[in-house]
Amino acid sequence: MNLKTLMLGALLVAALPLTAFAQENGTANAEARAQYGALAEEAGALADMADAASLMQAAGKYLEAAELADNSGDEELTSRASNARQQAVKAYIDAGSLLASADDHAAAAEAFSAAAKVAHDLEDAELEAKARYNASVAYVSLEDFENALTSIDSAIVLVPADLNYLYVKGVTLSKAGNMDGAGMAFARLDTLATEAGDTDMVEKARSQLGRSHLIAANGLVKEKDYSGAIEHLDMAAPYLGEDDRTLNTLYATAYYRLGADQVQKEQLGPAESNLKKGIAHAQKAGQQKLVSGIQQQLDYIEQVKAHNQR
């Protein structure tokens, strides 16, 4: 037996276990493919039922199928894992939308957050951002502003060009009572929307920017900081327009109370000036009770002035 024959014999002996392995692997792959097919079919049937509970179950089945594909060692099956995860994201988002429509915002937030996690695994930034945006809206409905801000900030980092995300951040900050933060967010949105030529978003940003100043002014009126309230109203006016009824009502209230305080302190000159401004705004707002109250203060000032002239 020459060397070549020995070598060939050695190769033949070595090939026998490899052939056996291939046969076993083929059987394993067939089983994996069958299991994958069954899971995918079950997930599809659940998704077709189109109710929130079934969609959540469908998402779980799709993820189970994806994990099975990853662990199968079968290239063809492994290539299907990504599609299964995409289907899971869709099922989670569809379930979240249904839950949000039913006002089950806690469950909706969970569904959208689950969708975001799977989208993150897929390295799909746009899909993850959309899911986190939806989760943020659900958290706002729950008044869970901490999680809402975490979610929307993540969406902004992923897709900074989407102005809707910055708008939701501003609304979230406003609802959370952070009017300074809301004002900065809407001012930034105004700038970006103007640069992008998005006139609708510019209008929304400016309306919300004006509203954030109104809310801040109302809070300061309650704290009896009337001068501070008037400063915020002055900042709101360019965005809301001088004929805005709420703006004029708050102006009238702030000037009225500031003037009344000054009357008490016998600062009649500044009081008269502020009360006259207040009555002008009250008339614009159609607030007759405020007009009457302010007029009483002005009448009192006239009486004091007349008495002092005697």
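Colleague: Which helix holds Tyr 251 and Tyr 255, and how many residues apart are they?
Modeller: They're four residues apart in helix α12 (residues 245–264), so about one helical turn separates them. Bear in mind that this is a predicted model.

Colleague: OK. Are those two buried or exposed?
Modeller: Tyr 251 and Tyr 255 are both buried.

Colleague: And how many aromatic pairs turn up in the whole structure?
Modeller: Three, from a search of the whole thing. In one of them, the ring centres of Tyr 251 and Tyr 255 sit 5.9 Å apart with the planes at 15°, so that pair is stacked.

Colleague: Switching topic: at what angle do α9 and α10 cross?
Modeller: Roughly 160°, with the axes of α9 (residues 179–196) and α10 (residues 199–222) coming within 8 Å. That angle makes α9 roughly antiparallel to α10.

Colleague: Left-handed or right-handed crossing?
Modeller: Left-handed, as α9 passes α10. On the α9 side the contact includes Met 179, Phe 186 and Leu 189, while α10 brings residues including Val 202, Leu 209 and Ile 215.

Colleague: What's the contact like by class?
Modeller: There are 12 nonpolar, four polar and two charged residues between α9 and α10. Asp 190 of α9 and Arg 206 of α10 are among the contact residues.

Colleague: Last one: where does Asn 29 lie?
Modeller: In helix α1 (residues 3–49).

Colleague: Why does Asn 29 count as buried?
Modeller: Because its relative accessibility is 13%, and the cut-off for buried is under 20%.

Colleague: What does Asn 29 touch?
Modeller: Ser 72 and Asp 74, leaving aside residues up to four places away in sequence.

Methods. Residues numbered from 1 in each chain as written. Predicted model: local features only at pLDDT ≥ 70, side-chain atom pairs only at ≥ 80, totals over all residues. Heavy atoms only, no water. Axes fitted to C-alpha atoms, helices over the stretch in contact; angles between N-to-C directions. Helix = DSSP H or I, 4+ residues; strand = E, 2+ residues; numbered from the N terminus. Parallel < 35°, antiparallel > 145°, perpendicular 65-115°, else oblique. Left-handed = near helix turned anticlockwise from the far one by under 90°. Contact = heavy atoms within 4.5 Å. Nonpolar A, V, L, I, M, F, W, Y, C, P; charged D, E, K, R; others polar. Phe/Tyr/Trp six-rings, centres within 6.5 Å; stacked < 30°, edge-to-face > 60°. Buried < 20%, exposed > 50% of the residue type's maximum accessible area, 1.4 Å probe, protein only.
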